[in-house]
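Dear colleague,

Please find the structure below, handed over for your review. The findings follow directly after it.

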Amino acid sequence: MYFTGIVIAISTFLIIGFFHPIVIKAEYYTGTRLWWVFLLVGLMSIVAALFIEDSALSAIIGVFGASALWGIGELFSQKKRVEKGWFPMNPKRRGEYRKIDKNETLWPVHHGKTIYSVDED
């Protein structure tokens, strides 16, 4: 029997679960200032995965890197979740948040239009 696929699947699940609280805590304590750390960790992991001969380990390191890169977007989305009141706001950084419309999306594109585009009616 070969367990490589199961090991990669379980590792992927655990890595994603690992990044979820890290993104929440990073946004709470530092805001979105540390997005570049996620970028560096992600890029370094993906480059490292290119040089690892073992397929399973290479895949796991690649998933870790991709999850770190995905964490950048989640960090900015987490800020919007805090602004919407879905997560607690760090009272020491109250000035960094703005009131957000309850209908505003978490991602910059919604129904084919960016939330930053100007409606031309």
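**Overall architecture**

Read along the sequence, the chain follows the pattern α-α-α-β-β, and its secondary structure comes to three helices and two strands. Helices (H or I, at least four residues) and strands (E, at least two) are DSSP runs, numbered from the N terminus.

Please note that this is a predicted model, in which local features need pLDDT of at least 70 and side-chain atom pairs count only at pLDDT 80 or more, while totals for chains, interfaces and linings use all residues. Residues are numbered from 1 along each chain as its sequence is written, and side-chain values use heavy atoms, with hydrogens and water left out.

Of the 121 residues of the chain, 29% count as buried. Buried means under 20% relative accessible area, exposed means over 50%, and partly exposed lies in between (1.4 Å probe, protein chains only). The chain exposes about 8,600 Å², an area that comes from the Shrake-Rupley method with a 1.4 Å probe. Among the contacts in the chain with a separation of 6 or more, 60% are accounted for by residues 24 or more positions apart; contact means heavy atoms within 4.5 Å.

**Helix α2 against helix α3**

The axes of helix α2 (residues 35–50) and helix α3 (residues 55–84) come within 8 Å and cross at roughly 160°. That makes α2 roughly antiparallel to α3. Axes here are lines fitted to C-alpha atoms, for helices over the stretch in contact, and angles run from 0 to 180 degrees between N-to-C directions. Angles under 35 degrees count as roughly parallel, over 145 as roughly antiparallel, 65 to 115 as roughly perpendicular and the rest as oblique.

α2 passes α3 in a left-handed crossing. A crossing is left-handed if the near helix is turned anticlockwise from the far one by less than a right angle, and right-handed if clockwise. Residues that make the contact include W35, F38, S45 and A49 of α2, together with I61, F64, G65 and F76 of α3. By class, the residues of this contact of α2 with α3 divide into 16 nonpolar, six polar and no charged. Ala, Val, Leu, Ile, Met, Phe, Trp, Tyr, Cys and Pro count as nonpolar, Asp, Glu, Lys and Arg as charged, and the others, Gly among them, as polar.

S45 is found in helix α2 and is buried, with a relative accessible area of 10%. Leaving aside its neighbours within four places in sequence, S45 is in contact with I61, F64 and G65. L40 also lies in helix α2, but counts as partly exposed at 44% relative accessibility. The C-alpha atoms of L40 and G65, 25 residues apart along the chain, are separated by 9.1 Å.

**Helix α1 against helix α3**

The axes of helix α1 (residues 4–30) and α3 come within 8 Å and cross at roughly 30°. That makes α1 roughly parallel to α3. α1 passes α3 in a right-handed crossing, and the contact of α1 with α3 has 17 nonpolar, six polar and three charged residues.

F19 is found in helix α1 and counts as buried at 8% relative accessibility. Not counting residues up to four places away in sequence, F19 touches F38, F64, S67 and A68. The C-alpha atoms of F19 and G71, 52 residues apart along the chain, are separated by 7.1 Å.

With kind regards
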